Amino acid sequence: MATDVTRPNLIIMYADDLGFGDIGCYGAAGIPTPNLDRLAAEGLRFEQGYATAATCTPSRYSLLTGAYPWRNPRAAILAGDAPLIIAPGTPTLPERLRRAGYRTGIAGKWHLGLGTGALDWNREIRPGPNEVGFDHAHIMAATNDRVPCVYVEDRRVVGLDPADPLEVNYDPAGAYPDETTGRGCPERLRVRPSHGHDDTIVNGVSRIGHMRGGRAALWDDERMAEHFLAKATAFIEGSAGRPFFLYYAFHQPHVPRLPGPRFAGATRLGARGDVIVEMDWCVGQVLETLERLGLRRQTLVLFSSDNGPVLDDGYQDRAAELAGAHRPAGRLRGGKYSLFDGGTRVPFLASWPGVIEAGRTSHALVSHVDFHASLAALTGQALCPGEAPDSLDMLAVLLGREGRGREELVVEGTQGKTVMRRGDWAYIPPHPGPAVNRPTNTELGNAPTPQLYDLSLDIGQIRDLAAERPDIAAALSARLAEIRAGRQTRTG
Ligand code: NG6
Ligand code: CA
């Protein structure tokens with residue numbers, strides 16, 4: 001069948017905490033990722049592809065809205081019972097594609113909130129993904145280390161027994177009288193927390209937050225990968241004859257890292273390496289599904305990660321001890337939570353056989369915030385002022401037809417603290433807070449004085465040039481202030 005270049009199927013596969021150095025095609029030696037390597041070999045690999053923030057909720061917010069996360073003060077790591085932070089009616093990416101005739105679906109991690117507050121998990125759960133553009137949604141509410149540990153499909157908790165209602169709260173003093181917690185019963189744990197994560201125990205793993213009831217609906221961590229994969233492939237299969245948009249949001253390699261039995265021991269790096277191999281297998285299964293259905297050449301596949309890597313993110317799974325020579329962020333400094341590039345520069349692949357030339361590397365600066373305007377352009381839609389306010393049309397860059405990407409980009413570490421990228425320069429304003437986050441052992445990039453790095457010469461951000469080039473630091477500082485004060489960065 002001929003390729004329809006105006007209405008290809010679109011798949012965004014989005015890893016959770018996967019670093020710039022974590023997969024083979026980005027230099028990882030100890031973690032075999034043949035499927036992602038094949039995706040890169042068949043398409044385009046980006047050296048300067050960025051998440052908009054160094055944590056999950058803000059990045060995902062930008063991915064779907066085309067807005068920088070710090071424009072919305074609620075776009076911060078959310079509790080599992082937080083309300084939805086995208087207002088229904090917002091022209092999100094799936095909403096836009098739906099208007100263009102696409103069937104839209106999400107399988108996997110949501111973490112953008114559900115409901116409007118005081119959510120009753122036993123009734124219809126809305127608003128949620130179905131209210132902001134997804135025809136079909138099979139999700140976990142937040143993260144795999146947060147309650148509720150259940151799946152939600154199209155506004156309903158899956159498999160809930162009405163006789164055993166589900167209750168959830170995030171009150172630090174909110175433990176239910178009959179609840180077993182990691183704090184109270186550490187002997188019941190099969191993975192112990194290293195920091196936090198000592199509330200409700202589910203499947204022998206203590207989580208963040210309190211929950212009780214809903215026992216028939218509890219997920220099985222070891223089967224989560226195949227669970228979401230089955231939903232993703234069923235969605236593709238169910239879209240026959242109609243262009244589709246699938247947002248496949250992996251839970252790997254976020255904590256707790258509990259690979260399925262086939263993948264336990266797949267690497268020498270412990271569970272963190274093993275779940276990356278498991279995720280890579282899922283990528284391969286999706287590609288195989290496309291091939292089997294004859295859709296591979298009619299599908300643009302984008303793969304990336306919501307933020308950079310972390311080894312110890314709260315459980316004693318030996319990730320740091322077993323990492324050996326593996327550098328999850330590659331040559332980058334910092335990782336998840338960091339203002340340094342390790343926080344946000346992530347694996348970023350685009351593949352569309354027959355349209356994107358195979359096996360190339362792009363050095364263009366590009367961000368997930370650009371998916372919105374780029375895919376709007378691909379599907380022939382114009383953006384109105386105020387819609388997807390920070391998203392730039394980078395379609396030619398994503399398709400490898402143009403080597404020049406963004407001239408500038410604002411990137412968030414955590415809590416609305418930002419970095420200004422322009423050309424090869426990264427300017428980190430003075431930010432309060434510790435230089436290092438001790439529990440995760442991450443260099444955060446906070447400093448009382450401004451920092452300036454030339455990434456073309458110093459990808460590891462070792463040599464601070466702020467004192468040598470105060471002119472550039474001042475110009476970038478002024479530009480950052482201007483963007484942050486404005487309502488959108490896109491003109492026209
Ligand atoms: C932090 C959690 C961390 C992880 C993160 C969110 C603690 C001590 N740490 O607060 O484990 O869940 O939130 O990760 O609770 S993210 O990838 O979804 O942003
Ligand atoms: Ca994440």
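**Exercise 1. Find the domains of the protein chain and say how far apart the centres of domain 2 and domain 3 are.**

Step 1. The chain is divided into domain 1 (9-160 + 219-398), domain 2 (167-212) and domain 3 (408-484); these bounds come from an automatic or database domain assignment. Residues are numbered from 1 along each chain as its sequence is written, while chains are lettered from A and ligands numbered from 1 in the order in which they are written. This is a predicted model, where local features need pLDDT of at least 70, side-chain atom pairs count only at pLDDT 80 or more, and totals for chains, interfaces and linings use all residues.

Step 2. Taken over C-alpha atoms, the centres of domain 2 and domain 3 are separated by 37 Å.

**Exercise 2. Work out which residues come nearest to ligand 1 and where the ligand lies.**

Step 1. Look at the 17 residues around ligand 1 (C-beta atom, placed from the backbone, within 6 Å): Thr55, Cys56, Gly196, Asp313 and Gly314 come nearest.

Step 2. Sort the shell by class: it has four nonpolar, nine polar and four charged residues. Here Ala, Val, Leu, Ile, Met, Phe, Trp, Tyr, Cys and Pro count as nonpolar, Asp, Glu, Lys and Arg as charged, and the others, Gly among them, as polar.

Step 3. Both domain 1 and domain 2 give residues to this shell, so ligand 1 lies between them.

**Exercise 3. Describe how helix α1 packs with α5.**

Step 1. Helices are DSSP runs (H or I, at least four residues), numbered from the N terminus. Helix α1 (residues 34-41) and α5 have axes 7 Å apart, at an angle of about 50°. Axes are lines fitted to C-alpha atoms, for helices over the stretch in contact, and angles run from 0 to 180 degrees between N-to-C directions.

Step 2. That makes α1 oblique to α5, since angles under 35 degrees count as roughly parallel, over 145 as roughly antiparallel, 65 to 115 as roughly perpendicular and the rest as oblique.

Step 3. Now find the contact (C-beta atoms, placed from the backbone, within 7 Å). Pro34, Asn35, Leu36 and Leu39 of α1 meet Asp280, Trp281, Val283, Gly284 and Leu287 of α5.

Conventions. Helices (H or I, at least four residues) and strands (E, at least two) are DSSP runs, numbered from the N terminus. Two residues are in contact if their C-beta atoms, placed from the backbone, lie within 7 Å.
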